[in-house]
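Here are my notes on the model you sent over. I have put them as numbered points so that you can follow them with the viewer open.

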Amino acid sequence: MSGEDVIPDGEAAAAVAPRSVREIFADLHALCLSDGALHQISVMIYRDHVVTVDTKKGRVKDNPAQRWSVTKLNKQELMLLIGLAVQSDDGRIYTIANSTVDFATLVDQLLREMHDAVNWDARPTIDPDSGVMTFPSSIGPLAREAIYYGAESFYIHQFLAFAPRRYAADSEWLKQNAGATADDFIAIAHFIVEQLAAQMTYVHQERKRGRTFAPHELTDSLLIRKADLTEKFAEAAPAFVVKFTTPAMKANNGFLSPFDINGVTIAPLIDIGDHLYVPNQYRLLEAIYESPFYWMNGDKAYLPAASEHRGTYVEESAVRILRSVFGDANVLQNVKLYNGKAVVGEIDVMVAYGEYLLIGQAKSKRITLKAKSGDVDALNADFYGAIQHPFEQALACADQLRDGATCVDAEGRTVDVHAMPRVFPAVFLSDAFPASTFLSRALLKRPGKEAPVVWDLAVLDCVARTFPAPINFLFYLKCRSDSFDNVISDSEFNYVGYHLRNKLVLPSEAHLLMIERDYATLVDDFMVSADLGIKRPPPKGVLQTHKIKFVSELLDVLPRSGR
């Protein structure tokens, strides 16, 4: 491996002046069908969707201001461009090398304008007489913006690790109905990711030496030969191509607005004759993690088994991750609460550690397309099923334990819990629920002061690896819970990064704190290193980097005790 590699990245874009989304989308459509558009998109991929990584130090070399810039295309916007380009009738988007328009400049202008248009319905208004600012009565417009432009949750290596576990019990069904197993699909995708990383790193290194690449040459560096897949993966390769590729022209014609189903997000590789064009490696792995869910849902006879497997996967994954922090004895699965002989509560995942009790309910509910587009009824229904209801279940179990319910593990053994525990009600999700941090603040009904832990498995995995000692993990949970109502950000990784740098505690003189994306830099460096297979210790927090007499000595001892 060289001293630095490049890998995909994706962040949000900015906004300028609003027209209607329909008008802006029409202009984008025309632009993406122009001569050589695919090659111009390749240029933008190199501009916005790679990061330069120092593989020796295990950190991203790009300047934080550029790394977290909102002027870059995010994944949704990139796939929007691809989704429009493949609607071409004659293939001139790639058969013609040169563009006659300033493609990137026009795309940037239109996408900033679209962001403004999306924001327009969510804008606050000020009463001219009273000067009072009011926000829209419906959460829909605010949620639509937060979902479409929100931060990602999973990292590449997490898709590679989680997908085989998620569908392990469904291997026979996948083999019979999709032509290959999840292991096969992941192996092929991993090969593609490594091949593309090598090709893109070569371009990066040659550019540093002064070589100039034409747009169509950048497209060539994003191609994979189908024959290479067939040679290496035999009969699994054509099954993979069927499931995860979209034709390069006369395709995706139902994609008529940014919030319609975009076919290239489902099948994100573009079929160009003997080659596959790979616009976004992240989306490929995300599709493999998500798509079998929908395939199996279409088989009504298999649906009950698939549903049971999904539930087991979330529970077992959460247990496995939490045991890496708290040890086997302190993390229990499928706990039942009894009042006499009556079952009064069930806990999917429970951590009992001293006076602290984490009560976790596992869910595999996904957000629907209607909810993503801002439909209030769909959003409320999805939020209730994925977050509100399991949160209420966790609270109800906490109340039963405080009232003296008997706690029994899956083997029928009675579990002793602290008489007056500090409870963290948690919801663990199998999939990223876009804007869950924002939506939990806006929509969650909380009867008391207890704040929720709403984490998908990727976030739980990241937090567990960042805080691998029980005392540090619990301290983060406490700070996150205590500051829930007064600290705002769009990603859990921002909270983790802020806690590492400063400790997540609101100063006494402050009433509200907004955490920007650049606070996630420490976390991102750590997780991106894992994407590249670089082993490095977790990032150090402020209490580790600043030595304080007695306190530092105590903190050195505590993480090694009590497991």
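1. A word on terms before we start: helices (H or I, at least four residues) and strands (E, at least two) are DSSP runs, numbered from the N terminus. With that convention, Thr437 has its place in helix α19, which covers residues 436-443. Please also keep in mind that this is a predicted model.

2. Let me stay with Thr437 for a moment. Is this residue buried or exposed? Its relative accessible area is 12%, and the cut-off for buried is under 20%, so Thr437 counts as buried. Setting aside residues up to four places away in sequence, Thr437 touches Arg480, Ser489, Ser491, Glu492 and Tyr495.

3. Now the chain as a whole. The secondary structure comes to 25 helices and 18 strands. For 563 residues, a compact globule would have a radius of gyration near 24 Å, and the chain agrees because its own value is 24 Å. Along the principal axes, the C-alpha trace spans about 75 × 70 × 50 Å.

4. How much of the chain is buried? Buried residues make up 53% of the 563 residues. The accessible surface comes to about 24,600 Å², and carbon and sulfur atoms hold 53% of that area. Among contacts with a separation of 6 or more, 77% join residues 24 or more positions apart.

5. On charge, the chain has 58 positive and 71 negative charges.

6. Gly179 lies in the loop between α9 (171-178) and α10 (182-208). With 29% relative accessibility, Gly179 counts as partly exposed. Leaving aside neighbours within four places in sequence, Gly179 is in contact with Leu174 and Ala239. The pair Gly179 and Ala239 is 60 residues apart in sequence, yet the C-alpha to C-alpha distance is 5.2 Å.

7. Two backbone angles are worth checking by eye. Most residues other than glycine have a negative phi. Asn334 has a positive phi, near 55°, and is found in strand β10 (residues 331-339). Its relative accessible area is 38%, so Asn334 is partly exposed.

8. The other angle belongs to Lys503, whose phi is positive at about 75° although the residue is not a glycine. Where in the chain is Lys503 found? Lys503 is in the loop between α22 (492-502) and β18 (513-514). Lys503 is partly exposed, with a relative accessible area of 32%.

Key:
Residues numbered from 1 in each chain as written. Predicted model: local features only at pLDDT ≥ 70, side-chain atom pairs only at ≥ 80, totals over all residues. Heavy atoms only, no water. Rg over C-alpha atoms; globule rule 2.2 N^0.38 Å. Buried < 20%, exposed > 50% of the residue type's maximum accessible area, 1.4 Å probe, protein only. Contact = heavy atoms within 4.5 Å. Areas by Shrake-Rupley, 256 points an atom, 1.4 Å probe, with all protein chains shown as cover. Lys, Arg positive; Asp, Glu negative; His and termini not counted. Charge placed at Lys NZ, Arg CZ, Asp CG, Glu CD.
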